[in-house]
Amino acid sequence: MARAPRLAAGRARALGLPTRGTTNPNRLRRVDRWVAHAHRDLLTAPDALVVDLGYGSSPITTVEMAARLRAVNPGVRVLGLELDADRVAAGKEVADPPLLEFRRGGFELAGARPLLLRAFNVLRQYTEEQAAEAWDTMVGRLAPGGVLVEGTCDEIGRRCCWVALTADGPRTFTLSCLPADLETPGDLAERLPKALIHHNVPGERVHALLGELDACWATCAPFAPYGPRARWVESVRLLAERGWPVLDDRKRWRLGEVTLPWEVVSP
């Protein structure tokens, strides 16, 4: 039986369980790039604070996120949170306060109230019910108007899926990939977030989306000689043509992305 989320020992009363901690440089570049585009308004707010929850055994992805977001706002502050004391210590060795800091914390966000929260590869060890409770806890700690970006990716960041949530609940769902790494778009199913991964079965919306995207991929096989990226772009264009409410444009598709309203995949 899966263990329920608990309050870790210590004065911080950090909420959650330690992650496996695996990480690699550039693993989260795709979600960082999307955040900088989709939530530029939050990042450019006065005294903007971004929290990276559960950065793992190395603080490198938090350091990289801070560097990428500074291209949008040189003054954005980034706070990395981890439950493990050794991981926090490793983060403090590369800290650059007040723009980049590290602290011990979990779903309670160590008392921080960020405008943007990234929680990647954090919820896979929980049950679906526990993950939903974690969503509520994290969103409840956001600053007014804030956004939680929660998702999963493979070890080198070539296959990613994430959900963006606000106080009103889940808003968008994004698939992001290196098209050359796919046999079909359905390969992304292995990286669905906890809220969706058990629903990739006939009769569920996310299964229908991936099936339709696979069908579009097959139809667009004549574009294969122009490369996997061109085939992905045409597949997403055809998906939109078939009535799926794609929210982004060709520029984003060329990056291996597609974003849709949450309602399209909601269980």
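**How the two domains meet**

Between domain 1 and domain 2, the count is one salt bridge, meaning a side-chain nitrogen of Lys or Arg within 4 Å of a carboxyl oxygen of Asp or Glu. Keep in mind that this is a predicted model: local features need pLDDT of at least 70, side-chain atom pairs count only at pLDDT 80 or more, and totals for chains, interfaces and linings use all residues. Residues are numbered from 1 along each chain as its sequence is written, and side-chain values use heavy atoms, leaving out hydrogens and water.

**The domains**
- The protein chain splits into domain 1 (13-157) and domain 2 (178-266), with bounds from an automatic or database domain assignment.
- Their centres, taken over C-alpha atoms, are 26 Å apart.

**Where they touch**
- In contact (heavy atoms within 4.5 Å) are 17 residues of domain 1 and 16 residues of domain 2.
- Together the domains bury about 1,400 Å², 47% of it on carbon and sulfur atoms; that's the accessible area (1.4 Å probe) two parts lose on being put together, summed over both.
- Arg-30, Arg-124 and Glu-128 supply 38% of the area that domain 1 buries against domain 2, more than any other three residues.
- Arg-191 and Glu-155 join their side chains in a salt bridge (3.5 Å, N to O).

**Aromatic pairs**
- The whole structure holds six aromatic pairs, that is, Phe, Tyr or Trp rings (the six-membered ring for Trp) with centres within 6.5 Å; planes under 30 degrees apart are stacked, over 60 edge-to-face and the rest tilted.
- Trp-135 and Trp-262 pair edge-to-face, 5.9 Å centre to centre with 70 degrees between the planes.
- Ring pairs also link Trp-34, Phe-120 and Trp-162 into a cluster.
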